[in-house]
Amino acid sequence: MGSGFAHGRLNPETGLNTRLEDFTAALAQCIDRAIAEPVDLVLFGGDAFPDATPPPLVQQAFASQFRRLADAGIPTVLLVGNHDQYAQGQGGASLCLYRTLGVPGMVVGDRLETHRLETRSGPVQIVTLPWLTRSALLTRPETEGMGMAEVNQTLVDRLRVALEGEVRQLDPDLPTVLLAHVMTDTATFGAERFLAAGRGFNVPMALLARPCFDYVALGHVHRHQILCESPLILYPGSIERVDFSEEAEEKGYVLVDLEKGQAQAEFCPLPVRPFLTLKVDVSKSDDPEAKILKAIAKATLDEAVVRLIYQLRSDQMDQINPRALDEALTQAHTYTMQPELVSQLVRSRVPDLGTDNTLEPVAALQCYLATRDDLTDIADTLVEAAQELMREPDGEYSVVTPISEPPAVDESRQLRLL
Ligand SMILES: [Mn+2]
């Protein structure tokens, strides 16, 4: 809560950013369901706010929802994520306030610890594993001279030992949950992973998938995903969209039936605000504005966060009236326009070098040089050098290896972490 304000607008009636209201509404629906069931326990997997010092309005919006669980007598575990920590490794997290205040039934998981909780349906044990930084597990002298891989391995070894210590103290007869804020080695992730690089580390699934846990509830990754069926290991994902990288993701929460030896989860989607990208290429159009307006007219803008990306040539800029686009986009909740100029270089300036012509490389070079008056003085030398480069020992031209392009990003692996 408190992120993505750029996609919202000020609600004149409340004075609040509409995205805070959206997040609050989504959270309220989760809590409504918890109370309506009623559930025995609520687990929150961490990253409540973008940082550990949320503005009072944001803190209050969060607190007033979780307060409802306390009033309903539903125990709640608030796990500390990386965004909730005040300073890396120095303790202190926004959520610790709830422990300090002694809110009834509310447990804060800011360290590796086992909590035995009494619920309406009997006792349950919850092992909390908050986001662990290097400094929580290793001292600086210990890592001196180590490479990245070695440090990571040492961190995983330390965590394995610490977790083993908790596991040995578990009551084997009670339903047991591991609630962890981690990046697992098998989760699908995106570039956001690198935001935490050097501060956190990937936790191997083998460390989590242990028979002593009936359910492993994970926080950190925004996209809902089930990583393992037995034991059940999953990320419920976030309850609202932070930005356009989550445009296509369904958002919701999971409702879990838990007993000793088994767990079943039901993903419950939330009707959150849609994000919509409209992409139009008008660079080959005679009437670019009409083409954009047509694309807008076809889309369902209704209260969505919209971004309009249109590609045009620089000489078309005068043909598009931004006011007309503003007018067409009024149905959106908010919108941004991103005109992109297509490079004039893309169009062939040398007709002989068009893609439908096949020229030998040296002939192509000569053709190109003929268009470059500034290279006339050295044209012959360049052609000679090219011929030399191209000549194989047997006197034939070799095939030129194209410069390899960077590997394409696999979109299916794009994921938002917070
Ligand atoms: Mn996180």
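The model is predicted: local features need pLDDT of at least 70, side-chain atom pairs count only at pLDDT 80 or more, and totals for chains, interfaces and linings use all residues. Residue numbers start from 1 along each chain as its sequence is written. Helices (H or I, at least four residues) and strands (E, at least two) are DSSP runs, numbered from the N terminus.

**Six-stranded sheet**
- Six strands make an open sheet of mixed pairing, in the order E6-E7-E8-E11-E13-E12.
- Strands E6 (113-119) and E12 (225-229) are at the edges with a single partner strand each, so one side of each is left without a neighbour in the sheet.
- From one strand to the next the twist averages 20°; axes are lines fitted to C-alpha atoms, for helices over the stretch in contact, and angles run from 0 to 180 degrees between N-to-C directions.
- Strand E11 (residues 215-219) runs parallel to strand E13 (residues 232-235), joined by three bridges.
- Val216 has Ile233 in E13 as its bridge partner.

**Three-stranded sheet**
- Strands E3, E4 and E5 form an open sheet in the order E3-E4-E5, with parallel pairing.
- E3 and strand E5 (106-109) are the edge strands, and each pairs on one side only.
- Neighbouring strands in this sheet are turned by 15° against each other on average, direction ignored.
- Four bridges link strand E4 (residues 76-79) to E5 in the parallel sense, and Thr76 stands opposite Met106 in E5.

**Helix H1**
- The 19 residues of helix H1 (residues 18-36) should span 27 Å at 1.5 Å a residue, and its end C-alpha atoms are 26 Å apart, which agrees; the expected span is 1.5 Å times one less than the number of residues.
- Buried residues of H1 include Leu20, Phe23, Leu27, Ile31 and Ala34.
- A residue is buried if 20 or more other C-beta atoms, placed from the backbone, lie within 10 Å of its own.
- The buried residues of H1 pack against strands E1 (10-11), E2 (16-17), E3 (42-44) and E14 (252-259), and against helix H2 (56-71); contact requires C-beta atoms within 7 Å.

Technical notes. Two strands pair if DSSP finds at least two bridges between them. A residue is buried if 20 or more other C-beta atoms lie within 10 Å of its own, exposed if 12 or fewer, and partly exposed in between; C-beta atoms are placed from the backbone. Two residues are in contact if their C-beta atoms, placed from the backbone, lie within 7 Å.
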